[in-house]
Amino acid sequence: MNKQVEKVQISGIRRFAEKVKNVDGAISLTIGQPDFCVPEKVSEAMINAIKTNKTTYTSNAGIDELREEICTYLKTFEIEYSKDEICVTVGGSEGLYSVLFALMNKGDKILIPGPAYPAYENISIMIGAEVVNYGLNENFTLNINEIRAKLKNEDIKYLILSFPSNPTGAILSKEQRDELVELIKEKDIIVITDEMYSAIIFDDYYSVAQAKEIKDKIIYVSGFSKIFSMTGLRIGYVACPEKYMKEIIKVHQYGVSCAPSISQYGALEGLKSSLEDVEHMRKKFERRKDYCMNRLKQLNLEVAEPRGAFYIFPSIKKFNMISEEFCEKLLNEGKLACVPGTAFGELGEGYMRISYCYSDETLKEAFDRLGNFLKSNFPNY
Ligand code: PLP
């Protein structure tokens, strides 16, 4: 077996989601799959793609029309790439994998936020890179001084940014974006910005990818799994300058050849005609976020208000249990599944992730259960 692969574990999010199946009557708030259907026009486009035999390989980087449309879409966020700087991938996951594999050598150092989406750290370990974690502010926003301090180590060559964040819902403010851009200018690093949730944001959007003066240091990863509620259809993309793309495309080609053709036509139609559905979904998530905030506050739990994505990350430190044990007990006794914070790295200890992409009724029942569980197990908290 590959020794590096043996060093990583299956994702804690999945592991916990699987446990729910064995607990009768449990409610799960574990998975990041929006509870909306794929927009109708996206479904129709995919059915049409099958009927018209658009079921063959596409070019490795994806169909031209989709790559063009991604450029037009990114422009609405003030991010500029040309078609040849886009590669359509098998979900954001393959995008991240191909990028990190193309960039890194064994022993290279990469700066990764904690807590964070677990793929960054685990892919890096599989490649044999050395992970250096950076902590965040108490409300999970970017702590520029922490990054600056870590980058004093000249060996660090890569920086991962992840906004809006899974698991915390934190985003980047204008001030933080501007400070980051200045820092990136000074340093000899490559920045990978994972913006899977950029369309699900409850505030103004800012990204280092908007800064043209550092474009040659930025690799942008995103996708359609969340915004078109098409997690199983596996379409993501990478946008970056040619010098990186020419290497990334090799990893992509030998790994997957191309992203699924049918789904590419679906995503293309989604960008052309379903952005209103995305806006509808975004508003609904914002209302649910407000509902979760209220319920958590009523339960006297400390929580930072998310500004994007569809996750909330309350502190469970006051219960003096490690997060894995707390979530296990909550599942078995309270019949409610949330993901232990440590599924997002060591810096997630003391928290749990609640995914609120579930119906209003499910959320209400889930918070009722959480309240009953806390009352019976920690009467004096
Ligand atoms: N990046 C982040 C921050 C995510 O939360 C996810 C999925 O949950 C991904 C990337 C991977 O997305 P995909 O399902 O398109 O592979």
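Modeller: A cavity is a set of grid points where a 1.4 Å probe fits but cannot get out, and its lining residues have an atom within 4 Å of a point. Please bear in mind that this is a predicted model.

Colleague: How many cavities of 30 Å³ or more does a search of the whole structure find?

Modeller: The search covers the whole structure and counts cavities of 30 Å³ or more. The number found is two.

Colleague: How many charged residues are in the lining of the largest cavity?

Modeller: The lining includes Pro113, Tyr134, Phe163 and Thr168. By class, seven of the lining residues are nonpolar and three are polar. The number of charged residues is therefore none, since Asp, Glu, Lys and Arg are the residues that count as charged.

Colleague: Which charged residue lines the second largest cavity?

Modeller: This lining divides into six nonpolar, three polar and one charged residue. Among the lining residues are Tyr73, Met196, Phe224 and Glu195.

Colleague: Which residues have the most contacts inside the largest nonpolar core?

Modeller: This core has 55 residues, and its largest share, five residues, comes from helix α4 (residues 64-75). Leaving aside neighbours within four places in sequence, Phe224 is in contact with residues including Leu66, Ile70 and Met196. The residues with the most contacts inside the core are Leu180 and Phe224.

Key. Residues are numbered from 1 along each chain as its sequence is written. This is a predicted model: local features need pLDDT of at least 70, side-chain atom pairs count only at pLDDT 80 or more; totals for chains, interfaces and linings use all residues. Side-chain values use heavy atoms; hydrogens and water are left out. On a 1 Å grid over the protein atoms alone, a cavity is a set of points where a 1.4 Å probe fits but cannot get out, and a pocket is an open set with protein on both sides within 12 Å along at least five of seven lines; lining residues have an atom within 4 Å of a point. Grid points are joined across faces, edges and corners, and a volume is the space filled by probe spheres set on the points. A nonpolar core is a set of buried Ala, Val, Leu, Ile, Met, Phe, Trp, Tyr and Cys residues joined through side-chain atoms within 4.5 Å. Buried means under 20% relative accessible area, exposed over 50%, partly exposed in between (1.4 Å probe, protein chains only). Helices (H or I, at least four residues) and strands (E, at least two) are DSSP runs, numbered from the N terminus. Contact means heavy atoms within 4.5 Å.
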